[in-house]
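Here is a short briefing on a predicted model, covering its metal site and a pocket. Please read it beside the coordinates.

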Amino acid sequence: MIRELRIHTFRRLKGIRRRWRDEFYEEIKDIAKHPVVLRMKKYPHHGSTNCYQHCMNVAYYNYQWCRFFHLNARAAARAGMLHDLFLYDWHTHAARTGDYFHGMTHPEQAYKNAEKLFKLNSTEKDVILHHMWPVTLFSFPRTKEGWITTITDKYCGACETSRRK
Ligand SMILES: [Fe+2]
Ligand SMILES: [Fe+2]
């Protein structure tokens with residue numbers, strides 16, 4: 001009886017996970033397929049992960065967590081996909097431009113690029129502009145989706161950095 005209940009619960013959770021994954025992609029596919037967004041594939045980010053894959057990872061976890069907590073999962077996913085749309089290789093950025101504060105300046109750059117391409121709501125703006133907290137000490141999120149992104153971004157970054165090639 002308990003075993004059957006466990007199997008039933010496991011299958012149900014697997015079904016929900018699959019459905020949420022499909023619904024996640026529906027919410028972000030216009031962004032994910034945009035030619036400017038696709039340019040992020042050219043830029044290495046953490047370890048062997050490029051910027052596009054990192055943004056996709058953050059968007060995915062944002063969607064799952066925000067949906068679980070009944071927050072705005074669509075906005076969190078879409079902004080997650082755009083949060084690092086700064087469009088340069090940050091490893092060589094300081095030497096090329098003299099900007100030694102990429103960690104603090106790139107959210108603004110990503111937001112400027114993103115707002116030219118997509119209509120962003122206030123939650124999406126918050127997620128993009130404040131995802132680097134606590135690096136950007138006094139520039140912290142105002143929304144729950146923004147706070148979740150400060151965690152998913154670091155979680156994904158840590159996993160990507162520690163993953164072997
Ligand atoms: Fe970032
Ligand atoms: Fe990031």
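The iron ion (ligand 2) and the iron ion (ligand 1) sit 3.5 Å apart, and Asp84 coordinates both. Asp84 lies in the loop between helix H4 (73-82) and helix H5 (90-97), while Asp153 is in helix H8 (residues 144-162), so the pair links parts of the chain 69 residues apart. Helices (H or I) are DSSP runs of at least four residues, numbered from the N terminus.

**Iron site (ligand 2)**
- Its protein donors are His54 (NE2), His83 (NE2), Asp84 (OD) and Asp153 (OD), 2.1 to 2.2 Å from the ion.
- Donors are N, O and S atoms within 2.8 Å of the metal (3.2 Å for Na, K and Ca); water is not among the atoms, so sites may look incomplete.
- The spacing of the donor residues in sequence is H-x28-H-D-x68-D.
- Asp84 and Asp153 are both buried (under 20% relative accessible area, 1.4 Å probe, protein chains only).

**Largest pocket**
- Lining residues (an atom within 4 Å of a pocket point) include Arg17, Trp20, Tyr60 and Trp65.
- Helix H1 (2-32) and helix H3 (51-68) each give two or more residues to this lining.
- H3 gives the most, with five residues.
- A pocket is an open set of points on a 1 Å grid over the protein atoms alone, where a 1.4 Å probe fits, with protein on both sides within 12 Å along at least five of seven lines.

**Conventions**
- Residues are numbered from 1 along each chain as written, and chains are lettered from A and ligands numbered from 1 in written order.
- In this predicted model, local features need pLDDT of at least 70, side-chain atom pairs count only at pLDDT 80 or more, and totals for chains, interfaces and linings use all residues; side-chain values use heavy atoms, without hydrogens and water.

How values were computed
Buried < 20%, exposed > 50% of the residue type's maximum accessible area, 1.4 Å probe, protein only.
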